[in-house]
Amino acid sequence: MSFVGGIPEWRTFNYPMTVDPSWRKIKIKRFAPVAFKSLIDTGDFYLVDVRPQNYDRDKAFIAGAQHYPLVTLNERYQELPKDKKLLIADWAMKQSSTAAKFLSLKGYEIQGVLKGGMERWRAESLPVEERTPVN
């Protein structure tokens with residue numbers, strides 16, 4: 001994740017300035033798109049997309065993905081079902097691992113993240129649905 005405003009912008013989101021040592025110990029599985037799709041197809045998982053709210057860059061989502069932008073996840077994570085394993089996607093796998101570790105610490109069972117994010121998913125011509133960004 002990059003912040004144009006650097007540390008001052010980071011602080012406006014109340015993101016931590018230090019890393020909890022337990023954070024580094026959390027291991028997250030990364031699934032190539034075809035394997036990720038196979039998991040989704042079983043229907044046993046809840047799919048979370050953590051891209052920003054205004055996703056003008058790419059309006060394509062994996063069918064059934066629920067949109068929880070990373071910047072709002074701390075406020076909204078309790079909306080996620082505790083009785084399902086979570087799969088997490090983003091644009092290029094720069095935010096999904098952060099979201100997965102955060103949710104893991106909150107007691108959610110994380111199956112894994114989409115390796116390469118939606119960039120790789122689309123490069124492998126896997127199915128998407130187009131959505132309209134919310135401003």
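**Overview. Salt bridges in the predicted model.** Six salt bridges turn up in a search of the whole structure; each is a side-chain nitrogen of Lys or Arg within 4 Å of a carboxyl oxygen of Asp or Glu. The model is predicted: local features need pLDDT of at least 70 and side-chain atom pairs count only at pLDDT 80 or more, while totals for chains, interfaces and linings use all residues. Residues are numbered from 1 along each chain as its sequence is written, and side-chain values use heavy atoms, with hydrogens and water left out.

Close-up 1. Lys-37 and Asp-41 join through their side chains, 2.8 Å from N to O. Both sit in α3 (residues 33–42), four residues apart, about one turn of the helix. Helices are DSSP runs of H or I with at least four residues, strands are runs of E with at least two, and both are numbered from the N terminus. Lys-37 is partly exposed because its relative accessible area is 24%. Asp-41, at 51%, counts as exposed. The classes are buried (under 20% relative accessible area), exposed (over 50%) and partly exposed in between, using a 1.4 Å probe and protein chains only.

**Close-up 2. Strand β2 and its partners.** All five residues of β2 (residues 45–49) are buried. Phe-45, Leu-47 and Asp-49 cover one side, Tyr-46 and Val-48 the other. β2 pairs with β5 (residues 85–89) in the parallel sense over five bridges; pairing requires at least two DSSP bridges between the strands. Lys-85 in β5 is the bridge partner of Phe-45. Two bridges also join β2 to β4 (residues 66–67), again parallel. There, His-67 stands opposite Asp-49. Asp-49 also forms a salt bridge with Arg-51, with the closest N and O atoms 2.8 Å apart. Both of these residues are buried.

**Close-up 3. Ser-96 in helix α5.** Ser-96 belongs to α5 (residues 96–105). Ser-96 is buried because its relative accessibility is 0%. Its contacts (heavy atoms within 4.5 Å) are Val-50, Ile-88, Ala-89, Asp-90 and Val-113, not counting residues up to four places away in sequence.

**Close-up 4. Lys-115 in the β6–α6 loop.** Lys-115 lies between β6 (110–114) and α6 (117–123). Its relative accessible area is 39%, so Lys-115 is partly exposed. Arg-30 is 85 residues away in sequence, yet 5.1 Å away in space, C-alpha to C-alpha. Leaving out residues up to four places away in sequence, Lys-115 touches Arg-30, Phe-31, Ala-32, Pro-33, Met-93 and Arg-120.

**Close-up 5. The Glu-129 and Arg-131 pair.** These two side chains meet in a salt bridge of 2.8 Å, N to O. Glu-129 is partly exposed, at 31%.
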